[in-house]
Every structure is written in C-alpha cells, then in structure tokens.
Amino acid sequence: FSSENLSQLHMVFLHFQLEFPDQTFPLAHMRAELLTAFKRQASRPSKLQRDVAAVLTRIGWDHTFEFLTQEGLSLGMAQPDSMTAIEVDGPTHYL
C-alpha cells in the first residue's frame with residue numbers, strides 16, 4: 001500500500017470503530033502503521049477555512065487552527081479545553 005492508501009485506510013478504521021464498536025477491524029493488526037501514515041499527510045486547509053478562522057479570531061474566539069487529535073484527525077478550528085470544534089467544508093473532506 002502507498003502512504004496515501006494507508007492514510008485512507010486509517011479513516012476507514014475510524015469509521016469502522018464508530019459504526020461497528022463490537023467488531024474487530026480486519027486490518028486492526030496494522031493500526032499503528034495506518035495512524036503513522038495518516039499523521040504524515042499534510043493538511044490542506046481551504047481559503048474558506050482560513051477566512052472563517054480569521055473572522056473567528058477577529059471576534060475573539062480563541063482557537064487552535066488545524067488541531068490534531070490523538071486519533072490523528074485534524075480539526076479545522078478547535079478549543080481543546082472546552083472540547084469545541086468547527087469544521088468548514090472546503091474542496092475536500094473525507095470524514
């Protein structure tokens with residue numbers, strides 16, 4: 001598998017965990033490799049996402065841009081302490 005394939009399989013793994021919590025993902029033995037590949041993928045925030053983040057900053061909503069969760073998900077804008085996140089649909093989103 002290519003790094004991009006492994007990264008996409010990590011997303012499938014996360015979805016599988018949410019949808020079928022009592023079942024074992026067929027590639028569970030590759031979990032660490034999938035997560036590593038996913039974390040290596042560079043985030044590609046859209047112009048719209050950058051614009052929204054700038055407006056939120058201007059109105060005083062302090063946040064982290066492209067916050068990375070333990071699971072490897074990149075949240076567009078987040079306040080980790082309050083467990084609040086905002087996602088903006090740009091040209092591509094996978095989950």
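Here's a quick look at helix 3 and the second largest pocket. Keep in mind that this is a predicted model. Helix 3 covers residues 47–58, and the pocket holds about 150 Å³ of space. Strands 2 and 3 turn up in both stories: they are among the elements covering the buried residues of helix 3, and each gives two or more residues to the pocket lining.

**Helix 3**

- Helix 3 has 12 residues and runs 16 Å from its first C-alpha to its last, close to the 16 Å expected at 1.5 Å a residue.
- Q49, A53 and L56 are the buried ones here.
- Looking down the axis of helix 3, those buried residues fall within an arc of 60°, so they line one face of the helix.
- Over on the other side of helix 3, K47 and R58 are exposed.
- The cover over the buried residues of helix 3 includes strand 1 (64–68), along with strand 2 and strand 3.
- After helix 3 comes G60, with a positive phi near 95°.

**Second largest pocket**

- The lining is made up of F67, T69, E71, L73, L75, A78, Q79, P80, M83, T84 and A85.
- Strand 2 (74–79) and strand 3 (84–86) are the elements that put two or more residues into that lining.
- Strand 2 gives the most, with 3 residues.
- Sorted by class, the lining comes out as 7 nonpolar, 3 polar and 1 charged residues.

Conventions:
Residues numbered from 1 in each chain as written. Predicted model: local features only at pLDDT ≥ 70, side-chain atom pairs only at ≥ 80, totals over all residues. Heavy atoms only, no water. 1 Å grid on protein atoms, 1.4 Å probe; cavity = no way out; pocket = protein on both sides within 12 Å on 5 of 7 lines; lining within 4 Å. Points joined across faces, edges and corners; volume = space filled by probe spheres on them. Helix = DSSP H or I, 4+ residues; strand = E, 2+ residues; numbered from the N terminus. Nonpolar A, V, L, I, M, F, W, Y, C, P; charged D, E, K, R; others polar. Expected span 1.5 Å × (residues − 1). Buried < 20%, exposed > 50% of the residue type's maximum accessible area, 1.4 Å probe, protein only. Arc of directions from axis to C-beta. Contact = heavy atoms within 4.5 Å.
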